[in-house]
Amino acid sequence: MSRMPKHLGSSGPVHRPKGEGRASGPVKFRTSFSNTIYDVLCAKGWEETDSEHDWDVHWAEREWVFEVFDQMHLEPHQRLNHFRNAKEICRKDLLIKNLKKRKRQLEKEGSYEEATQYDFFPVTFNLPREYALFVEEFKRQGGLWIMKPIGSAQGKGIFLFSKLSEISEWRTDYRYRPGNNKQEKEADAYVVQRYINNPYLVGGKKFDLRLYVVVTSFSPLNVWIYRTGFARFTNTRYNDDVSDITNSFMHLTNVAIQKTADDYDKRTGGKWDLRRLKLHMISQFGAETTDAVFWEMQMIIIRSLLSVSSVMINDKHCFELYGYDIMIDDTLKPWLIEVNASPSLSASTQEDYVMKCEMLNDVLDIVDVEGKLKGDEEHVGGFDLVYENGFVDMDPKHRGWSSYLGSGIDRGPKKNGKGRRQQQQQAQPPENGGGGGEMGEKPRLAALDQYSKFLQTAAKGLK
């Protein structure tokens with residue numbers, strides 16, 4: 001039986017723009033990154049350029065978009081990896097604002113059943129602006145809360161607390177009022193959220209999921225979801241004792257934090273791939289229950305994008321690769337933690353490197369500046385088109401499942417009698433660290449060679 005909400009409807013025909021008007025010859029790319037995306041752009045045989053205007057694809061930093069994009073005229077074939085106002089979904093406070101707004105809009109339209117589905121984010125307040133409202137909630141419920149700077153990443157500035165006295169600098173009644181002689185410094189903007197203190201654990205450890213999503217248009221909304229991703233585990237076994245709330249190795253899953261632990265596993269990077277987690281959950285809870293969890297994660301992605309589709313500045317030149325962070329609690333309810341418009345593309349292990357390179361290659365194939373696609377594809381590499389101005393039906397061969405998330409990716413014929421996954425698992429651990437940032441040069445080159453063999457097979461499939 002289909003889980004598709006009737007309110008959201010099904011897809012209709014949508015025109016997908018191609019890279020028309022591009023000059024013949026190799027694709028020209030520009031980027032300031034030197035990690036996996038640079039290796040992928042080069043491995044595709046594209047030419048790097050430092051020209052500010054003469055490029056076909058620009059994999060830019062968000063700051064470049066904010067500072068330069070509005071002052072430029074782009075040719076029809078040029079593609080840029082960010083939309084102008086990506087902060088509407090990627091800044092923590094604006095994400096929550098848009099989700100709440102979407103829920104109110106649905107209620108106003110009488111779509112009460114769909115409105116009730118917008119319950120996948122924790123109770124949240126913006127500080128210091130909503131300090132008084134937060135205090136009312138805190139006095140009613142108490143418990144454990146988490147503070148996050150609205151624009152930071154990699155776990156910077158995050159902390160847990162259980163007493164109001166621990167966040168006194170965000171008290172709004174300390175601020176300047178007319179007639180006062182002294183004006184205190186305004187506290188930095190944070191979101192405060194009820195902490196999810198009952199996470200689903202594997203081996204006693206907390207984890208969250210990183211999922212990859214590509215949006216090629218917000219009007220109409222077109223969404224591609226990558227089948228794999230990974231679970232990021234903490235190094236320390238979890239408990240909800242208040243005395244341990246300052247232990248970041250127990251509570252925060254960010255690799256930038258976990259890699260500093262003495263017992264950090266450089267071989268695995270503290271990660272499981274998504275398929276491994278799905279198989280683990282199937283063995284524990286059964287296929288039907290696990291399928292329902294993965295469907296709910298897919299719906300979180302779609303509903304969150306629908307909540308910003310009306311405020312995003314759509315541009316046919318733009319696409320976006322989002323990194324979704326989702327956590328599952330011990331009732332198997334998924335929660336949206338945050339959305340990243342610049343997910344880390346650095347690799348911590350060879351397996352991580354190959355996964356990200358293959359994923360990025362598929363992203364560029366979807367963007368299709370070379371015009372190799374027909375325009376009606378629903379599957380490109382490991383990405384599946386799940387929403388194109390409405391839901392896209394599952395392939396008949398996948399009937400019985402509600403989502404492609406966690407499914408295997410068919411990368412063509414095996415080489416040397418071994419599948420690529422077998423080759424990755426038998427690869428030696430990277431030398432010189434692999435602490436969530438850059439691999440050493442020797443393992444990076446080895447992984448790049450492995451990726452290049454994959455690329456040759458992928459390119460044949462597009463001819």
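**Backbone exceptions and helix packing in a predicted model**

Good morning. I begin with N389, which counts as partly exposed, its relative accessibility being 43%; by the convention used here, buried is under 20% relative accessible area, exposed is over 50%, and partly exposed lies in between, with a 1.4 Å probe and protein chains only. The model is predicted, so to speak of local features we require pLDDT of at least 70, and side-chain atom pairs count only at pLDDT 80 or more, while totals for chains, interfaces and linings use all residues. Residues are numbered from 1 along each chain as its sequence is written, and side-chain values use heavy atoms, with hydrogens and water left out.

To return to N389: its phi is near 60°, a positive value in a residue other than glycine. N389 sits in the loop between β15 (383-388) and α12 (420-426); helices here are DSSP runs of H or I with at least four residues, strands are runs of E with at least two, and both are numbered from the N terminus.

L332 is another non-glycine residue with positive phi, near 70°. The loop between β12 (320-328) and β13 (334-340) holds L332. This residue is buried, at 14% relative accessible area.

Next, the cis peptide bonds. One joins L127 and P128, with omega about 10°, and P128 lies in the loop between β5 (124-127) and α6 (131-141). Another joins S219 and P220, with omega about 0°; P220 belongs to the loop between β9 (207-218) and β10 (221-233).

I turn to the helices. How far does α11 reach from its first C-alpha to its last? This helix, residues 350-367, has 18 residues and spans 26 Å, close to the 26 Å expected at 1.5 Å a residue, where the expected span is 1.5 Å times one less than the number of residues. Because 17 of its 18 residues are buried, α11 is largely enclosed by the rest of the structure. Just after α11, D368 takes a positive phi of about 60°.

Finally, a helix pair. The axes of α9 (residues 274-285) and α10 (residues 287-308) come within 7 Å and cross at roughly 135°; axes are lines fitted to C-alpha atoms over the stretch in contact, and angles run from 0 to 180 degrees between N-to-C directions. That makes α9 oblique to α10, since angles under 35 degrees count as roughly parallel, over 145 as roughly antiparallel, 65 to 115 as roughly perpendicular and the rest as oblique. In contact, meaning heavy atoms within 4.5 Å, L274, K278, M281, I282 and F285 of α9 meet A287, T289, T290, V293 and F294 of α10.
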